[in-house]
2 protein chains.
Amino acid sequence: MKKIINGVDQVENEMIQGMVKAYPQYLRKLDCGNVVVRAEKKEGKVALISGGGSGHEPAHGGYVGEGMLDAAVAGAVFTSPTPDQILEGIKAVAADQGVLMVIKNYTGDVMNFEMAGEMAEMEGIPVKQVVVNDDVAVKDSLYTVGRRGVAGTVFVHKIAGAKAEAGASLDEVQAVAQKVIDNVRTMGMAIKPCTVPASGQPGFELTDEEMEVGIGIHGEPGTHREPLKKADEIVDMLLEKILADIDYTGREVAVMINGSGATPLMELFIINNHVADVLAAKGVKVYKTLVGNYMTSIEMAGFSISLLRLDDEMKELLDAKADTPAFKA
Amino acid sequence: MKKIINGVDQVENEMIQGMVKAYPQYLRKLDCGNVVVRAEKKEGKVALISGGGSGHEPAHGGYVGEGMLDAAVAGAVFTSPTPDQILEGIKAVAADQGVLMVIKNYTGDVMNFEMAGEMAEMEGIPVKQVVVNDDVAVKDSLYTVGRRGVAGTVFVHKIAGAKAEAGASLDEVQAVAQKVIDNVRTMGMAIKPCTVPASGQPGFELTDEEMEVGIGIHGEPGTHREPLKKADEIVDMLLEKILADIDYTGREVAVMINGSGATPLMELFIINNHVADVLAAKGVKVYKTLVGNYMTSIEMAGFSISLLRLDDEMKELLDAKADTPAFKA
């Protein structure tokens with residue numbers, strides 16, 4: 001394992017401290033656990049909280065700020081945060097209008113967020129939730145019953161965050177978050193693994209000629225392993241599965257080409273070049289494209305494509321102001 | 001070489017196409033060569049043009065837009081663009097107010113930009129230039145006479161770009177660009193090399209226990225190679241050299257923790273955690289911090305630290321509105 005760190009037991013804490021020191025105008029860290037909240041609490045709106053294991057930076061702390069999240073809870077690398085941690089986050093941002101939890105569909109995350117939500121409700125805080133499950137690669141996998149929640153989660157943060165910022169009710173914010181989930185699909189692949197610091201060993205091994213197709217954001221196995229193909233052929237393969245899942249024909253979409261952490265932007269743009277061409281040929285109209293490291297897997301090399309099928313409400317909320325460390329609009 | 005590409009001879013062109021297709025609201029590609037300009041030409045202001053070899057994405061195309069560059073010229077990977085290409089860029093954005101070229105100090109870049117500038121002047125376009133040389137690691141190196149121009153260039157784009165956008169004269173924009181150069185210092189290191197697609201071989205080799213200190217953004221050798229140390233020790237070493245070069249004591253600075261392309265954000269935040277502590281202990285006040293992939297070296301793993309010593313004018317221009325694909329303020 002070759003990493004620029006101080007010690008495997010300090011990774012999560014030093015990372016969160018370094019993030020908060022970089023962005024004090026946006027972020028404040030709670031004293032207990034790795035929970036970040038907005039530097040200045042916004043009153044009079046539904047609060048959004050998300051989180052999960054560390055290792056997906058800038059998710060989720062980077063999305064805390066105006067128009068997106070109110071709190072992000074970070075567990076150990078690739079490990080769900082505890083219910084106590086999540087509860088502290090909920091209590092720190094709780095408003096009379098209630099709290100929406102945005103959960104990626106991993107068994108540990110769902111269980112711990114739900115438990116925290118129940119504890120918060122017992123303390124009189126209205127809590128609702130949505131579970132993101134945008135990965136079309138596999139149903140049921142190593143850590144998940146049903147589809148995994150991956151990069152499409154960032155669209156939920158953006159659009160539900162804008163709805164909350166505009167003063168919508170908890171039911172309305174939950175409804176638009178669910179609408180995003182119903183309309184976003186993602187699939188990814190990787191050519192090089194990542195190493196969880198505490199383990200010290202790569203999560204999987206690939207030869208120089210192989211790629212893993214349909215991989216999850218923790219390096220979980222995908223649909224299959226096969227010889228590395230050209231970028232355009234990989235894009236064709238991923239898009240075919242995404243476009244077969246819901247009907248995008250004639251619709252406007254938001255596209256996210258998400259890097260896994262060690263993928264150069266050069267490659268992400270080469271990928272987008274073909275994604276744009278294929279969508280145009282299939283009569284899918286691109287409304288907005290995001291290219292970059294939005295939901296990473298430490299230093300995995302690979303990418304995912306997300307397509308969000310838009311309507312007028314989602315377009316307006318996607319374009320609404322966001323001012324966070326990792327997402328500005 | 002394991003990359004997600006189609007062919008080594010298509011890399012630069014497909015990358016630029018993919019960038020322009022991702023951001024049509026910001027960018028337009030000229031028909032001749034890999035030159036991108038603002039989608040809508042801004043009239044009545046000094047035009048800023050920069051560029052260099054490809055492989056440093058999002059530099060420089062990602063910084064074309066309101067408040068930053070008017071044009072970016074991309075050569076082959078790690079290879080200077082030709083004078084003809086640069087001239088086309090200059091002519092596409094030329095204004096009565098003149099054109100400022102922001103050149104990173106590499107022998108090929110300086111020669112080709114200067115030649116293009118002279119050709120443009122012969123066509124009646126007023127052209128001035130600045131040469132960025134922020135790298136304190138080594139004087140004279142593989143591609144450079146004098147210090148290399150590296151990540152600090154992004155501060156020049158931001159601050160000179162804001163000055164131009166505000167309607168300043170060519171002399172004034174050049175003067176503030178030079179002021180940034182006079183006050184910004186950078187030093188980097190790497191733990192894993194990058195591979196230029198056309199070469200197919202890593203630019204250098206390191207064992208699993210080694211790091212290269214003072215490396216350039218093309219993987220050029222730095223000051224020395226030594227056993228990989230802890231993140232905090234590496235930060236101490238780089239900051240010592242930066243802080244010895246000009247006096248930052250009691251001053252406000254902008255900090256950039258720049259990833260080389262394959263460095264996870266997790267590590268960049270761990271690095272910033274100690275940078276912030278060291279600067280606080282030394283009485284250097286951090287005004288703003290940027291953490292991310294701003295000036296990369298394809299998929300090199302490593303980082304650089306840049307410190308820009310600020311005054312009131314630079315603070316105001318750093319905070320001024322910027323709206324580009326890779327930098328929003």
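A residue counts as buried when its relative accessible area is under 20%, as exposed when that area is over 50%, and as partly exposed in between. The model discussed here is predicted.

Q: Is K179(B) buried, exposed or partly exposed?
A: The relative accessible area of K179(B) is 22%. A residue is called buried under 20% and exposed over 50%, so K179(B) falls into the class in between, which is partly exposed.

Q: How many residues apart in sequence are the parts that K179(B) and D311(B) tie together?
A: The side chains of K179(B) and D311(B) meet in a salt bridge, with N and O at 2.7 Å. K179(B) belongs to helix α5 (residues 170–183) of chain B, whereas D311(B) sits in the loop between β12 (301–309) and α8 (312–319) of chain B, so the parts tied together are separated in sequence by 132 residues.

Q: Which helix of chain A holds the partner of K128(A)?
A: K128(A) forms a salt bridge with D171(A), and their closest N and O atoms are 3.0 Å apart. The pair links distant parts of the chain, 43 residues apart, since K128(A) is in strand β6 (residues 127–132) of chain A and D171(A) is in helix α5 (residues 170–183) of chain A. K128(A) is partly exposed at 32%, and D171(A) is likewise partly exposed, at 47%; the helix asked for is α5.

Q: What is the radius of gyration of chain A?
A: Chain A has 8 helices and 12 strands. For its 329 residues the globule rule gives 20 Å, and the radius of gyration is close to this, so chain A is as compact as a globular protein of that length, with a value of 19 Å.

Q: What percentage of the residues in chain A is buried?
A: A residue joins this group when its relative accessible area is under 20%. Of the 329 residues in chain A, the buried ones make up 64%.

Terms used:
Residues numbered from 1 in each chain as written. Chains lettered and ligands numbered in written order. Predicted model: local features only at pLDDT ≥ 70, side-chain atom pairs only at ≥ 80, totals over all residues. Heavy atoms only, no water. Helix = DSSP H or I, 4+ residues; strand = E, 2+ residues; numbered from the N terminus. Rg over C-alpha atoms; globule rule 2.2 N^0.38 Å. Buried < 20%, exposed > 50% of the residue type's maximum accessible area, 1.4 Å probe, protein only. Salt bridge = Lys/Arg side-chain N within 4 Å of Asp/Glu carboxyl O.
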